[in-house]
Amino acid sequence: MRELNLPAAAVSAGREKDFELQGYGFEAAAEQLRTPHVVRVGLIQNKIPLPTDSPVAEQVAALHKRIEEIVEVAAICGVNVVCFQEAWTMPFAFCTREKLPWTEFAESAEEGQTTKFCQKLAKKHNMVVVSPILERDDVHGGTLWNTAVVISNSGSVLGKTRKNHIPRVGDFNESTYYMEGNRGHPVFQTQFGRIAVNICFGRHHPLNWLMYSINGAEIIFNPSATIGELSESMWPIEARNAAIANHCFTCAINRVGTEHYMNAFTSGDGRKAHHDLGYFYGSSYVAAPDGSRTPGLSRTQDGLLVAEMDLNLCRQVSDKWNFKMTGRYEMYAEELAKAVQPDFTPNIIRE
Ligand SMILES: NC(=O)NCCC(=O)O
């Protein structure tokens, strides 16, 4: 992996707009029959610019403005596919279990103002935009989902995917708001490569990564919101291991800072009522199928990580290690099918 020589205009814009800018490139071997398949991805991590008790519309507008200025720099850096953090248009308020005003941040994946905003960015910069939002699905009774909208570089909505695994740990009280995703493991064929989105808690589930990979993902984004005391020891390992296990690139993105709520909340774990979920530690990074990875962005600062990758590396590593061939999926499919039955008895041999 090498450091990218990013344009001076991008470096100075990053300084002026007060965010960290880093760039790295992953190499692949030259092949005789395939030309290199080089793509640049951008990962954006950020704090919320306004206090959580500011009017909803103002908070959304401030986040749009912040992201727009970072995407401008991503465009200068030649980024082809950009991904934002989980539920990027709002504070990560699910810890509170309050409905209002937080449910007011939910938007239509197809018609919402954030999707329209991203469509403009995508078209202007010829960039695929992965936009993880709180979705309101009016076709199905106004239900809420934790969704990532994928917008093509043409500006059209390519599709959406939903968070498959909902945390039930600590103050991550998300199950109060939405259910596990019901759209399986879609992979989006973009002009720049096949991408998928494994939203946050799905990071802990190897089968979730596997299914995106089985559907052909070359790059799997993992937009997240997670805090130091809970997961920082796991963070550097999980997405990296997934890249190795699935012969693909993975991109882990986490928000930054502490978000304070006016009303104190508890989560039935004996802790005194408190006003924040904890410290979101940033540290976004990209990992490659050969196990190499970029350094992480800062723990404390907004940032843009640019990673250039030759997607040919996915098949090269696959041909070397053959995990798809040696995976014995038929054996696991059969055993798992039995294990989920109510009359399952674990295969334990006793004296
Ligand atoms: N957003 C989310 O699912 N967070 C849960 C905590 C974690 O996965 O580290």
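The legends below describe close-up views of one predicted model. Residues are numbered from 1 along each chain, following the sequence as written. Because the model is predicted, local features are given only where pLDDT is at least 70 and side-chain atom pairs count only at pLDDT 80 or more, whereas totals for chains, interfaces and linings use all residues.

**View 1. The shell around the ligand.** The ligand is surrounded by Glu86, Pro167, Phe172, Cys200, Phe201, Ser224, Ala225, Thr226, Leu230 and Ser231, a residue being near a molecule if its C-beta atom, placed from the backbone, lies within 6 Å of it. By class, this shell has six nonpolar, three polar and one charged residues, where Ala, Val, Leu, Ile, Met, Phe, Trp, Tyr, Cys and Pro count as nonpolar, Asp, Glu, Lys and Arg as charged, and the others, Gly among them, as polar.

**View 2. Cys200 in its loop.** Cys200, which belongs to the ligand shell, is placed in the loop between strand E9 (193-197) and helix H4 (206-214); helices (H or I, at least four residues) and strands (E, at least two) are DSSP runs numbered from the N terminus. Although Cys200 is not a glycine, its phi is positive, about 25°. With 27 C-beta neighbours inside 10 Å, Cys200 counts as buried, the scale being buried for 20 or more other C-beta atoms within 10 Å, exposed for 12 or fewer, and partly exposed in between, with C-beta atoms placed from the backbone.

**View 3. Helix H4 and what covers it.** The buried residues in H4 are Asn208, Trp209, Met211, Tyr212 and Ser213. Their cover includes E9, strand E10 (219-224) and helix H6 (235-246), contact meaning that the C-beta atoms of two residues, placed from the backbone, lie within 7 Å. After H4 comes Gly216, with a positive phi near 105°.

**View 4. The largest nonpolar core around Val130.** The largest nonpolar core has 96 residues, and those with the most contacts inside it are Val81, Val82, Val130 and Cys251; such a core is a set of buried Ala, Val, Leu, Ile, Met, Phe, Trp, Tyr and Cys residues joined through C-beta atoms within 7 Å. Helix H2 (residues 56-76) gives the most to this core, contributing seven residues. Leaving aside residues up to four places away in sequence, Val130 touches Val81, Val82, Cys83, Phe84, Ala148, Val150, Val197 and Phe221.

View 5. In the loop between strand E4 (81-83) and helix H3 (113-125) lies Pro101, and a cis peptide bond, with omega about 0°, joins Leu100 to Pro101. Asn126 lies in the loop between H3 and strand E5 (128-137), where its phi is near 50°, a positive value in a residue other than glycine. Asn126 is partly exposed, having 14 other C-beta atoms within 10 Å.

**View 6. Helix H7 and its buried side.** In helix H7 (residues 312-321), the buried residues are Leu313, Cys314 and Val317. They lie on the same side of H7 because they cover an arc of only 105° around the axis, taken from the directions from the helix axis to the C-beta atoms. Strand E15 (303-310) is what the buried residues of H7 pack against, and H7 is followed by Asn322, whose phi is positive, near 60°.
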